[in-house]
Amino acid sequence: MEDNNSWVGGEVRQIDDRVISVQLLVMMFLGINFLLFLTFFKKKSFYTIARYILFAVTLLSDSFLLLISNILFLLAYFNFTIQVWLCINISMVVLVYSMVTPVTLTAMTLERYVAICMPLRHAELCSQHIHVHCILIIHSLSSVPCIVVFSSFFASASLSLYKQHRICSLQMYILHRWQGHIRSTVQQFYFLIMVIIIVFCYVKIMKVAKTASGENKKSTWKGLRTVILHGFQLLLCLIQLWTPFIENYAFHIDLSLFFNVRFFNYVLFYLTPKCLSPLIYGLRDDNFFHALKNYAFFDLYKRNILHGRLVVFNRKNAECT
């Protein structure tokens, strides 16, 4: 690199409608997630229910990943480069939390399986002291692909590389073809296990749904639809793992093609899965939906009314004095 200018070639790209639309979508999803977080922390009974705690984990993971990935998207779009060592720290967090969501989805599917197929043991297996251990296990399992990727990178990269300025993207860590194969193998193994677990839970819940009756049948079929949605979410996450390899191929062909491919992948495989979690539990779950209306919207409305009355009261006192 001939100079220290962070703009590649000194060129500043203009903002087009696609970038503006992405920013609007990101702000909308982050706003929805904030309301759902507010609802979760407002009602204490959610703290003791396993599926809501896991839902909060996915909300936190998706929101954090959405924020960081959007920053990286903007940096890449404007050709803004940063030092490799800083990009490594950011990418480690991105890689870990990109796996937290699918691993948590698998845990949520297992929780539904226990609740429907093993109702007598649900309270024991999903007790409150298990929740912390479950969250730690989820993050530990999610860290393994990150450790594998960066171990192979550190073993191959020269010391001078860490001081260079580059566009921060995950494909920059694949210096040799074998590194891409290792990363792909680890991730595909993870998702093979996840798919097996989800299919197993689906088949077991389907058997219970056929023999259930009345309210149990309605609840069982709703749980079955939730498992299907989790499976679809997991499919999108699986496709998302292939995007760095596609972007790497486009990067070596043409820079303009790279940005177009990255935009398409970001909208379809990053933004779309992030909006499904609020849809599944924020809108489909009756308890959470009613709490969302009562504790979020009503509280905001009540605060505005009280604030307005306080302003009027203060003005009257000022006029009297």
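The questions and answers below concern a predicted model and the grounds for the terms used to describe it.

Q: What makes up the protein in terms of helices and strands, and in which order do the elements run?
A: The protein has 9 helices and 2 strands. From the N terminus on, the order is α-α-β-α-α-α-β-α-α-α-α. Of its 321 residues, 43% count as buried.

Q: What describes the packing of two helices?
A: Two packed helices are described by the angle between their axes together with the distance between those axes.

Q: Why are H1 and H2 called roughly antiparallel?
A: Helix H1 (residues 17-42) packs against helix H2 (residues 50-77) at an angle of about 155°, and their axes are 10 Å apart. That angle makes H1 roughly antiparallel to H2, because angles over 145 degrees count as roughly antiparallel. The crossing of H1 and H2 is left-handed.

Q: Which classes of residue form the contact of H1 with H2?
A: The residues of the contact of H1 with H2 divide into 19 nonpolar, 4 polar and no charged.

Q: Why are H2 and H3 described as roughly antiparallel to each other?
A: The axes of H2 and H3 cross at roughly 155° and come within 9 Å. The cut-off for roughly antiparallel is an angle over 145 degrees, and H2 and H3 are therefore roughly antiparallel to each other. H2 passes H3 in a left-handed crossing.

Q: Why does the pair H3 and H6 receive the description roughly parallel?
A: For H3 and H6, the axes cross at roughly 20° and come within 9 Å. Angles under 35 degrees count as roughly parallel, and H3 and H6 are therefore roughly parallel to each other. The crossing of H3 and H6 is left-handed.

Q: Why is Val261 called buried?
A: Val261, which is found in helix H8, has a relative accessible area of 17%. Buried means under 20% relative accessible area, so Val261 is buried. Val261 and Phe251 are 10 residues apart in sequence and 9.2 Å apart in space, C-alpha to C-alpha.

Q: Why is Trp178 called partly exposed?
A: Trp178 is found in helix H6 (residues 177-211) and has a relative accessible area of 40%. Buried means under 20% and exposed over 50%, with partly exposed in between; Trp178 is therefore partly exposed. Between Trp178 and Ser152 there are 26 residues in sequence and 9.3 Å in space, C-alpha to C-alpha.

Q: What makes Leu141 count as partly exposed?
A: The relative accessibility of Leu141, a residue of helix H5, is 40%. Partly exposed lies between the cut-offs of under 20% for buried and over 50% for exposed, so Leu141 counts as partly exposed. Leu141 and Tyr190 are 49 residues apart in sequence, and their C-alpha atoms are 9.3 Å apart in space.

Q: How many cavities does a search of the whole structure find, and what volume has the largest cavity?
A: The search finds 3 cavities of 30 Å³ or more. The largest cavity has a volume of about 220 Å³.

Q: Which residues and helices line the largest cavity?
A: The largest cavity is lined by 16 residues, and Leu72, Leu170, Glu247, Arg262 and Tyr270 lie nearest its centre. H2, helix H3 (84-117), helix H7 (214-253) and helix H8 (255-283) each supply at least two residues of that lining. The largest share, 4 residues, comes from H8.

Q: What is the lining of the largest cavity by class?
A: The lining of the largest cavity has 8 nonpolar, 6 polar and 2 charged residues. Glu247 and Arg262, both among the residues nearest the centre, are of types that count as charged.

Q: How much space lies in the largest pocket, and which residues are closest to its centre?
A: About 510 Å³ of space lies in the largest pocket. Of the 23 residues that line the largest pocket, Val103, Ala107, Leu110, Cys134 and Ile138 are the closest to its centre.

Q: Which helices supply the lining of the largest pocket, and what is the lining by class?
A: H2, H3, helix H5 (128-156) and H6 each supply at least two residues of the lining of the largest pocket. H5 gives the most, with 7 residues. By class, the lining of the largest pocket has 20 nonpolar, 2 polar and 1 charged residues.

Note on methods:
Residues numbered from 1 in each chain as written. Predicted model: local features only at pLDDT ≥ 70, side-chain atom pairs only at ≥ 80, totals over all residues. Heavy atoms only, no water. Axes fitted to C-alpha atoms, helices over the stretch in contact; angles between N-to-C directions. Parallel < 35°, antiparallel > 145°, perpendicular 65-115°, else oblique. Left-handed = near helix turned anticlockwise from the far one by under 90°. 1 Å grid on protein atoms, 1.4 Å probe; cavity = no way out; pocket = protein on both sides within 12 Å on 5 of 7 lines; lining within 4 Å. Points joined across faces, edges and corners; volume = space filled by probe spheres on them. Buried < 20%, exposed > 50% of the residue type's maximum accessible area, 1.4 Å probe, protein only.
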